[in-house]
Amino acid sequence: MEGQNKSITFDGREIRLTTGLYAPQASGSVMIECGDTSLLVTATKTAKKEPSDFLPLICDYEEKLYAAGRIPGGFMRREGRPPERATLIARLIDRPMRPLFPTWMRDEIQIVASCLSLDERVPADVLAVTGASIATLVGEIPFFGPMAAVRVGLIGDDFILNPSYREIEKGDLDIVVAGSPNGIVMIEAGANQLSEQDTIEAIDFGYEAVTELIKSQEDLLQDLGIKQIKPSDPEEDKTLPSYLEKNCTKPIELVLKKFDLSKEERDLELEKIKTEAQSKIDSLKDDNQVKVLTSENEKLIHSDFKKLTKKLMRSQIINDGKRVDGRDLDEVRKISASAGILPKRVHGSALFQRGLTQVLSTTTLGTPSDAQEMDDLNPSTEKTYLHHYNFPPFSVGETRPMRTPGRREIGHGALAERAIIPVLPGKETFPYVLRVVSEVLSSNGSTSMGSVCGSTLSLLDAGVPLKSPVSGTAMGLIKEDKEVRILTDIQGIEDFLGDMDFKVAGTDKGITALQMDMKITGLPVSIISEAIKKARPARIHILEKMQEAIDKPQESLSPHAPRLLSFRIDPELIGTVIGPGGRTIKGITERTNTKIDIEDGGIVTIASHDGAAAEEAQKIIEGLTRKVHEGEIFSGVVTRIIPIGAFVEILPGKEGMVHISQLSEARVERVEDVVRQGDEVTVRVREIDSRGRINLTLRGVGQNNGMSYPQPTPTPVAPLN
């Protein structure tokens with residue numbers, strides 16, 4: 001077994017490629033490695049078994065936990081349903097690959113990227129995207145590549161290429177840029193309120209690196225003696241398209257110029273035109289005037305009618321500067337927003353509507369134990385902010401079975417999650433685990449950005465002290481030769497028939513998330529820059545409308561939300577609070593009816609629906625961890641009597657012993673002659689022995705003149721009702 005090896009030196013790192021050795025029955029395969037991260041990426045093409053009007057492309061990313069030297073959890077102890085992160089990486093591969101296949105291709109194509117070894121310094125996702133391009137080219141599958149992807153981070157004032165996981169967490173930017181020889185085809189980004197100009201510079205910086213990887217792939221093909229297949233459109237029968245253009249152009253144009261039509265009314269009128277055309281074509285087929293097989297009439301007419309509608313809509317935008325709903329190119333649809341629309345058993349709620357897109361978002365406040373444990377290759381072990389997005393069929397007037405969330409739902413939820421994370425408060429001040437659910441009630445474009453807006457409103461309604469509110473909008477593009485028109489706040493038809501879907505989310509200070517997908521083979525940075533800049537006034541306009549509904553966090557939490565107290569103790573004393581076998585902390589929780597979580601760093605979080613109970617638990621823990629010094633005087637309660645002395649609780653949960661010889665200046669025969677259980681006494685700390693035991697005395701201490709339990713001021717991080 002021999003393969004072809006090639007090394008690429010890229011940004012001071014070596015990327016190693018091996019082709020022709022692994023997966024010999026796939027159309028093309030490559031082992032792509034950097035550091036100790038290794039991925040096997042395959043591309044396989046087979047003939048489509050049934051006629052189709054779309055490209056049946058499947059992209060999968062497989063995570064194997066052995067790649068990080070781990071055994072899977074759960075009963076089965078093997079990988080099962082892909083974790084959310086694997087689904088997101090599969091989408092990251094699909095999005096830049098799909099527009100680079102020819103529009104006429106109908107063969108089944110599957111790309112599988114398997115992470116076989118993971119180096120925490122080298123994230124696998126961008127290697128998987130680049131590997132998909134290489135495997136496709138090596139497999140000689142028609143493709144407008146090469147394509148490559150890089151990640152750009154920002155540490156201080158410096159951009160860095162392909163940062164490690166630690167650098168990503170530490171920096172203010174995490175952006176993936178994918179491109180082809182024709183320009184940028186995909187962007188995915190999260191940022192810490194980064195300015196538009198800095199974001200544009202990061203994209204430009206990333207695309208320069210992408211061009212290096214594209215050149216390396218071209219060199220690899222030359223070394224392997226592979227001539228890239230440059231796709232060309234096949235010859236098509238123009239009879240049906242010509243017939244539709246001749247007979248349907250004017251009726252379609254009239255519908256597209258009726259700006260007062262609703263989406264439903266417009267769809268019905270277009271469907272009526274198509275149905276009438278099909279009836280006429282069916283009556284002509286016997287005369288062979290339209291060469292279409294009877295069994296394929298409906299499918300071909302639908303496809304060609306859609307192409308004609310797309311052409312006419314785009315022409316109207318290019319030539320007239322008007323969209324199908326009559327808006328100007330930079331105009332945002334009508335916005336309405338409201339907060340607190342559900343009873344407070346739902347901790348926070350909001351309804352956001354833009355045009356016909358309507359999203360209901362809810363916020364749930366949870367305790368630290370509600371954090372999601374992550375069982376994937378990402379070094380992060382838990383998530384404390386969860387955003388879930390649901391897209392039921394009634395939101396687009398359809399019927400279909402409702403199953404588990406698909407890739408689209410997972411991807412849109414992750415984008416909204418990424419947009420909100422930079423403005424969340426730190427857990428030292430607001431230690432709640434947060435779950436936001438966005439229910440799409442009606443969809444006509446940009447539901448993910450509607451989810452961002454609705455989520456901001458519901459978080460504020462729940463009392464979450466966000467650093468700044470976040471809004472988002474989707475930008476579109478119509479490109480015909482040299483004519484380019486950028487559209488603000490695209491609706492469904494403009495997404496389906498346009499060339500770009502560019503989602504931009506952020507605050508009034510800067511950008512928090514980007515996601516750009518293309519339907520063409522690439523765009524220059526200059527056009528992307530213009531789209532980012534035009535998105536800002538739209539975002540600010542939307543923010544102003546949102547702030548009319550709610551402009552600051554609610555001052556009090558829902559009475560049905562848990563109350564949390566958070567404070568820090570010495571990490572070395574965590575064991576004291578937990579106690580042998582967890583007995584101490586279990587006793588505190590049972591006594592106060594609270595939930596207590598302690599992090600390794602010493603942050604203690606107490607959860608309870610009763611504020612007084614949470615304060616009591618805090619006093620006990622602070623008493624357990626308070627250092628007692630010799631000579632201090634306390635007023636305490638006798639808790640136990642033994643023959644040689646009495647135990648006195650000097651602090652909540654902390655006892656010392658008064659030896660019988662220390663009960664009085666005079667000789668004492670029986671402990672009960674001086675004190676009894678339940679008595680309040682004033683004691684002085686005589687000594688703390690080598691085992692940490694506290695020895696007390698009553699001698700020389702006047703009773704009722706000692707200090708009582710220290711009463712530290714509670715430090716609630718959420719208001720207590």
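**Exercise 1.** With which residue does Glu-14 form a salt bridge, and how far apart are the closest N and O atoms?

*Solution.* The model is predicted, so local features need pLDDT of at least 70 and side-chain atom pairs count only at pLDDT 80 or more, while totals for chains, interfaces and linings use all residues. Residues are numbered from 1 along each chain as its sequence is written, and side-chain values use heavy atoms, with hydrogens and water left out.

Step 1. The criterion for a salt bridge is a side-chain nitrogen of Lys or Arg within 4 Å of a carboxyl oxygen of Asp or Glu.

Step 2. The partner of Glu-14 is Arg-16, with the closest N and O atoms 4.0 Å apart.

Step 3. Relative accessible area (1.4 Å probe, protein chains only) is classed as buried under 20%, exposed over 50% and partly exposed in between. Glu-14, at 39%, is therefore partly exposed, and Arg-16, at 26%, is likewise partly exposed.

**Exercise 2.** Determine which parts of the chain are tied together by the salt bridge between Glu-196 and Arg-539.

*Solution.* Step 1. The closest N and O atoms of Glu-196 and Arg-539 are 2.6 Å apart.

Step 1. Helices are DSSP runs (H or I, at least four residues), and strands are runs of E with at least two; both are numbered from the N terminus. Glu-196 belongs to helix α4 and Arg-539 to helix α11 (residues 525-549), so the pair ties together parts 343 residues apart in sequence.

Step 2. Both Glu-196 and Arg-539 are buried.

**Exercise 3.** Characterise the salt bridge between Lys-427 and Glu-599.

*Solution.* Step 1. The N to O distance of this pair is 3.3 Å.

Step 1. Lys-427 sits in the loop between α8 (407-420) and β17 (433-442), whereas Glu-599 sits in the loop between β23 (595-598) and β24 (603-608); the two are 172 residues apart.

Step 2. Lys-427 has 40% relative accessibility and counts as partly exposed; Glu-599, at 30%, is partly exposed as well.

**Exercise 4.** Is Lys-274 buried or exposed, and which residues does Lys-274 touch?

*Solution.* Step 1. Lys-274 is located in helix α6 (residues 263-284).

Step 1. Its relative accessibility is 10%, so Lys-274 counts as buried.

Step 2. Contact means heavy atoms within 4.5 Å. Leaving aside residues up to four places away in sequence, Lys-274 touches Ile-301, His-302 and Phe-305.

**Exercise 5.** How many salt bridges does the structure hold?

*Solution.* The structure holds 47 salt bridges. A network of them links Arg-95, Asp-125, Arg-151, Asp-174, Glu-188, Arg-418 and Asp-517.
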